[in-house]
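Subject: Structure handover

Hello,

Here is the structure I promised you. Please open it first, then read my notes below.

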There are 2 protein chains.
Amino acid sequence: MDNFEFFNPVKVIFGKDQLSKLPSHIPAKSKVLMIYGGGSIFKNGVYTQLKENLKNYHIVEFGGVEPNPRYETAMKAVAVIKAQKIDFLLAVGGGSVIDATKFIAAAALFEEGDPWDILSKQSPVKSALPLGVLLTLPATGSEMNTNSVMTREETHEKLAFASTKVFPQFSFLLPDAAGSLPQRQAANGVVDAFIHVIEQYLTYPVNAPLQDRFAESILQTLVEEGPKVYANPADYEAMSNIMWSATMALNGLISCGVPGDWSVHSIGHELTALHEIDHARTLAIVLPGLWTVLKNEKKEKLLQYGQRVWNVTEGTDDERITKTINQTESFFNSLGLKTKLSDYGVGVETIDKIVDRFEKRGWKAIGDRQLITPTVIRAVLMHQLK
Amino acid sequence: MDNFEFFNPVKVIFGKDQLSKLPSHIPAKSKVLMIYGGGSIFKNGVYTQLKENLKNYHIVEFGGVEPNPRYETAMKAVAVIKAQKIDFLLAVGGGSVIDATKFIAAAALFEEGDPWDILSKQSPVKSALPLGVLLTLPATGSEMNTNSVMTREETHEKLAFASTKVFPQFSFLLPDAAGSLPQRQAANGVVDAFIHVIEQYLTYPVNAPLQDRFAESILQTLVEEGPKVYANPADYEAMSNIMWSATMALNGLISCGVPGDWSVHSIGHELTALHEIDHARTLAIVLPGLWTVLKNEKKEKLLQYGQRVWNVTEGTDDERITKTINQTESFFNSLGLKTKLSDYGVGVETIDKIVDRFEKRGWKAIGDRQLITPTVIRAVLMHQLK
C-alpha cells in the first residue's frame, strides 16, 4: 500500500433517543444557527426534540437549503450570522444541508476576498465557525468528513472544497429520523454511498487487502440492506445499517493508502449542473458507461469486485466483467434509479456541452491514472445515451 | 445494532520515510521524554532517524520498559519527568512501551492520591501529559486507542485503565522498523491482533452486518498476511498490511454498536501475571478452550466465522464448529504459538490459583453475557491442560 495520513476527530453519536446528549456538545451560551432544508425536520420529529433539548440556548433558524445547495442561499445565511453574531452552526438534515453548513462556516470568517474563491480558486480556509450535525438522511458521508460541494445558480457551476477546519465537532446519526424519508431519497442515498466506495476501490491493485475488504464490506452491506430501506425506509435496523455504511463510505478510512478515481463524480456533477438530475442518479448513469469503456484498464479490480460482491465466478474475464457491470446497473434499476440519459430527457447536445466544458477548463484527463480524456468522457456518456 | 458513540482523534502517519514530518507534530521547544524498551530502536534505525529529526528539541531518554510493562519502572519515569520538567512524551516501540507511556502521562499529573489507584481503583484520569507514538511492532493497537495494561511486579497483578486523556496525539506507523523484529514477536503480534478482533466479534448476533464484515476483513487479512511476516518480518508489504490490520483491530471502530466479550484477555492476563507467558501466547492458549466449552452459547457466530474466514461449510453444526476451532488453533500453531498449558510447564495448580483469584475478587462471571463463572474458567483451562 502507499504511504498515507489519516485523521478524523468527528465524534459520532449513533442511534435512538440520543438527543438529550446534545447540550453536552454545544458550549453553553452559544448563539446557534440551526440550518435545515425543505422542512422534513418538522415531519420526522427532530425539530420538536431539538427545541426541547436546546431550550437553554439562543437559537436562530435558517431553513430552505436546497438539494444541490446554492452558494446564493449560503451567503444569505452568512449575512444572518454577521447580523446576529452567531457562534455555533447546527446542520439538521442530509448531505446538502451539511455541505452548505460547512461552506457557511468557512465563508462567515473568510477575510481574504470573495468567499466564492473558496470554491472557484480553492483559497485555503484559515478558520471556520464550529459546527455540529444531526443527520437525518444517509448518503453523502458529509457528517464525518471535510468535504463540501456547492452549486452557483447564476453560472450553473457545481464546485467542491475540503478543509479540516470544517470537520463537524459532532454528528448525531439518527436512523429513526431517516425512517420518514421518501423511498426515492432512501434509494438515492444507498446508490450515492455505493459509488463513493467504488471511487476509492475500483481503481487498480496496490496490495492493500484490508482496504479492499473494508470497501467490499460496505458494498455487500449496501447490496443486502439497500432493498430493505427502499421497500420500507422505516425499517429501523436496515436504515441503521445503511446509515453507518454511508458514513464509513466517505470518512477517509477506506481511501487510506490506495488510489482514488472520482471521475464518475466529476462527470456526474455536470449532469446535475445542467439538468438538475439528482446527484446519485447522475452517478448511476455514468458508472456503467465508464466501466464499459475502461474495462481493460480496470480489469483486475472489476474481476475482484464481481467475484466478491456479486459472486460472478464463471466465464471468460470479458464475460465476467460484462456480467458484473450488468449486475451493478440492475441493482441501481431495482432501487428505482434509471441509468440511461434518455430516461431523463437528456440528448446528445448535452454530451457536446459537457465535453466542451471539460475542454475549456483545460483538464487534459481525469481519473485514477489520468486516462479519462474529453474523448473518453464522450464515449462514456454516448454509451449511456439510451 | 446497539446505540454507540465513536471518537478517535489520533492522527496516523503511515509508511516509510515519514519521520521528517515529526517536528510538525511536537510543539517547538518541548522538553521531550523519549520512552523505549529493550533497545531494538538502536537496531532498526529509528533511534538515528529520530535524533536527526528532533535535533532542535531537548530530548531526555528513558529506556528499559519491559514486555508486560512494570508499574515500578513507569514510576521511575514519572520521577524523571518531575525532576526534569518534561512536557511531551514520545513512545518509541510496541504496545508495552505505548501502554507504559500512557500510564506515565496520567501518573505524572495525578494529584488525587497514589497513581496506582488509576489501575487498582479505576480513579478517573483528569489530565495527562501529551504523548506521541512511533510504532515499531504491530500487535496491541495501543497506538490508536485509550487503553493501557500495566503489571505490578511486587504483587504479580496485571491491571488495565482507559482514558481519552491518553489518546496519542499522533502515531507514526513504521512497517520498515518492524522488519527487524524476531519471528517470535512478529507472530505474537499477528495473534494478538487476531484475538482483539475475536473479542469484539465472536459474541452473539445483533444485526450489525457492516461491523461483522469489518471484523472478518481484519481476520482474513491476518490469516493471509500473517504467515508471510512470520516467515520474513522484513517483507515490507506484508508487514504494512499486518500493521494496519493490528491498528484497526482495536481502535474502537469494529466494536461500534456490538457487544464485546474480553474474557479471553481476562483469563490470559492471569497466565502472564503468574508465569510471564507472552501476552499473545496466553490468548492462543485460552481461546480454543473457551470456544469448546461455550460452543452452544457462541454457536451462531462460530458458524458464521467458520464459513467466512475458514470456508467451513460442510457437516453438521457441531462438526463445523469443531473444525473451525481446530483450524483456528492450527493457525496459531503454524505461527509457532503453542496452545497447551503443558507446553509452558503450567499444571493444574496454576488453574486452581487462577480460579481462586477470580473468586476472591468477587467477580461472579465475565464475558459478553456474564456466562463465564470461575467454574467455567476452570473447565476452559482444564481443556487446554495438555
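In β3(B), M34(B) has E61(B) as its bridge partner. Strands here are DSSP runs of E of at least two residues, helices are runs of H or I of at least four, and both are numbered from the N terminus. Two strands pair if DSSP finds at least two bridges between them.

A word on the source. This is a predicted model, where local features need pLDDT of at least 70, side-chain atom pairs count only at pLDDT 80 or more, and totals for chains, interfaces and linings use all residues. Residues are numbered from 1 along each chain as its sequence is written, while chains are lettered from A and ligands numbered from 1 in the order in which they are written.

**The sheet**

Twelve strands make one open sheet with mixed pairing. The order is β3(A)-β2(A)-β4(A)-β5(A)-β8(A)-β1(A)-β1(B)-β8(B)-β5(B)-β4(B)-β2(B)-β3(B). β3 (58-62) of chain A and β3 (58-62) of chain B are at the edges. Each has a single partner strand, so one side of each lacks a neighbour in the sheet.

Where do the chains join in this sheet? β1(A) pairs with β1 (residues 4-14) of chain B in the antiparallel sense, over seven bridges. There, I13(A) has E5(B) as its bridge partner in β1(B).

**The interface**

32 residues of chain A contact 32 residues of chain B (contact: C-beta atoms, placed from the backbone, within 7 Å). On the chain A side, β1 (4-14), α7 (209-231) and α8 (236-249) each give two or more residues. α7(A) gives the most, with ten.

How do the two copies meet? 100% of the interface residues of chain A are also interface residues in chain B, so the copies meet through the same surface.

**The symmetry**

A 180 degree rotation, with 0.0 Å of shift along its axis, superposes chain A on chain B (RMSD 0.0 Å). In chain A, the C-alpha of P9(A) is nearest the axis, 2.1 Å from it.

Best wishes

Technical notes. Two residues are in contact if their C-beta atoms, placed from the backbone, lie within 7 Å. Copies are superposed by least squares on the C-alpha atoms of residues with pLDDT of at least 70 in both.
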